[in-house]
Amino acid sequence: MLNETSTIIGNVIREHTALTDAQLTDGGEHADLASTVAFSLAKQRKQAPARIAQELAAEIAGDPRLAGITVEAKGPYINFIFGKEYVSGAVREAVKPGYGTSPRRPTWVVLEHTSANPNGPLHVGHIRNSIIGDTLARAFRKAGYPLEVQYYVNDMGRQIAIVVWGFDNLDSTRLEGEKEDAHIARVYIAANREIEKDESITGQVNTLMQLVENGDPATVKKFRREVSRCLDGFRVTMQGLNVAHDRFVWESDFIRNGYTERIISRIRKLPQARDDETLALDLSEFGFANKYVIRRSDGTSVYAARDLAFHVWKAANFDRVIDVLGADHKLIGAQLQCTLKLLGEKVPEIVHFEFVSLPEGSMSTRSGKFVSADDLISEVTRRALEEVTARRPELDETARRSIAKSVGLAAIRYDIVKVSPEKSTVFDWKEALDFERQSGPYIQYAHARACSILEKGGAFEECYDMETDQEIALAKQVAKFPAIIEKVIAELRPHILATYARELADTFNSFYHFEPVLKSEGRVRDRRLTLVKAVQNTLKEALGTLGIDAISSM
């Protein structure tokens, strides 16, 4: 409803002002929508914005397309307040299954996320990438976009060569019960310690890198075997986070299929190419101080060359290309975009995120200082079980563990995604599991409360006409959901959905405290139960898009 109404208002404003942008924003406490268009017209009309707002509000208020919408000027702003027809229509839509899901669109999207080096378990620092990427993927699918989610597998870099060297030269026996990725990390850490003691090992690692690039069958087999084992461990971890990929794309494939060599040939022809001992691009004219190295002096390609090949392939097969990368990739991401532009290729949209950490400090796989995502999931689930047991001691252990698993997942995913990507964050154990405020479990609890009300309410006749201020405010909050999904995919900022879900839970809790539902009677009871059903359905869809279980009992 909000999307359609916004479109109508926007069209009316554009027709009456001859501007291309209606400049609509959230109206906050005073309105459902507001326009700042008077500021843009002030210079053109040589009038004060407040006067323009008054005149324009009076002019467009009579437009028949805005029937049922109150239009008024508030200083330099034009406010739009939606009437009962909008509210009842919103509730009618919100009780339908799949609320907020758009019809299929023709634009194919490819979204790459996580893509951590397969040299040890995913740690807390990695999973912000996974959760941001997975939430965006869910939002795109909700909005009707055909989508493929990819994991780009680095199976031929130096770190993997170090892993292979370790398996060839050290005691690499797998411990009983040891997870595959943990085994890889133990060997990788041990190999790095050996390299620190004996620099000649670096030459052996370089030889492995040359052999794998040249397609030596035995070396390729070793690299792929160890990487595959690590990925098996990653899949278990990501399953625990409710994260999934449609395709694992192997970096080495772009050597085998000739894409990398073709890219290098094209780069050589660019005026910015510098083919001395190494092949590199001088991008100083675009503000980059360091050269963008493509091929080493020994003839082997670097990661950047294969990454360019990967992106050219993606651009040829998809309409919109999106990467989720850590803030430490800002430079190479910008160099990648610049080079693709020079080559005349489609440039990917990049979502950069700052890192998440624990109060215990920073993490590094090489030094062995990290808290694995598996450990985080286990610890949060343990703490969630304690909380659920304290709240629901009458439940049997199976039920409590099931709820705790869902609550733990909600705690992790929500606490990480609620912060805008460009801000760093510290995972707060206590806040993440707080059932009372600003957490995933808090939103789950609001959904469970709505389920409980509906169960106790029994049969009722759906009624969509809201009357009281509390009812109308809640219905209008429900109505925003489809527009929130559109905003998430337009801006690539999934925290917007997290904020909305929490605000909807807040508004519902306020409504529940002020307006009796089960104790009301007749048509009042029917319409309030209908509104609770709309809230329950909207919370379920919002939680699902956040990758969180919408459980009915806590």
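Predicted model: local features only at pLDDT ≥ 70, side-chain atom pairs only at ≥ 80, totals over all residues.
Helix 5 comprises residues 124–142. At 1.5 Å a residue, its 19 residues should span 27 Å, and the C-alpha atoms at its ends are 27 Å apart, in agreement with that expectation. Helix 5 is followed by Gly144, for which phi is positive, near 95°.

Strand 4 covers residues 77–82 and includes Asn79. The relative accessible area of Asn79 is 4%, and the residue is therefore classed as buried, the cut-off being under 20%. When residues up to four places away in sequence are not counted, Asn79 touches His30, Ala31, Leu33 and Ala34, together with Thr70, Val71, Glu72 and Lys74.

Leu33, one of the residues that Asn79 touches, also belongs to the lining of the second largest pocket. This pocket holds about 670 Å³ of space and is lined by 26 residues. Those nearest the centre of the pocket are Leu2, Asp26, Leu33, Ala483 and Lys487. Two or more lining residues are given by each of helix 1 (2–17), strand 1 (24–26), helix 19 (481–491) and helix 20 (495–514). By class, the lining of the second largest pocket consists of nine nonpolar, eight polar and nine charged residues.

How values were computed
Residues numbered from 1 in each chain as written. Heavy atoms only, no water. Helix = DSSP H or I, 4+ residues; strand = E, 2+ residues; numbered from the N terminus. Expected span 1.5 Å × (residues − 1). Buried < 20%, exposed > 50% of the residue type's maximum accessible area, 1.4 Å probe, protein only. Contact = heavy atoms within 4.5 Å. 1 Å grid on protein atoms, 1.4 Å probe; cavity = no way out; pocket = protein on both sides within 12 Å on 5 of 7 lines; lining within 4 Å. Points joined across faces, edges and corners; volume = space filled by probe spheres on them. Nonpolar A, V, L, I, M, F, W, Y, C, P; charged D, E, K, R; others polar.
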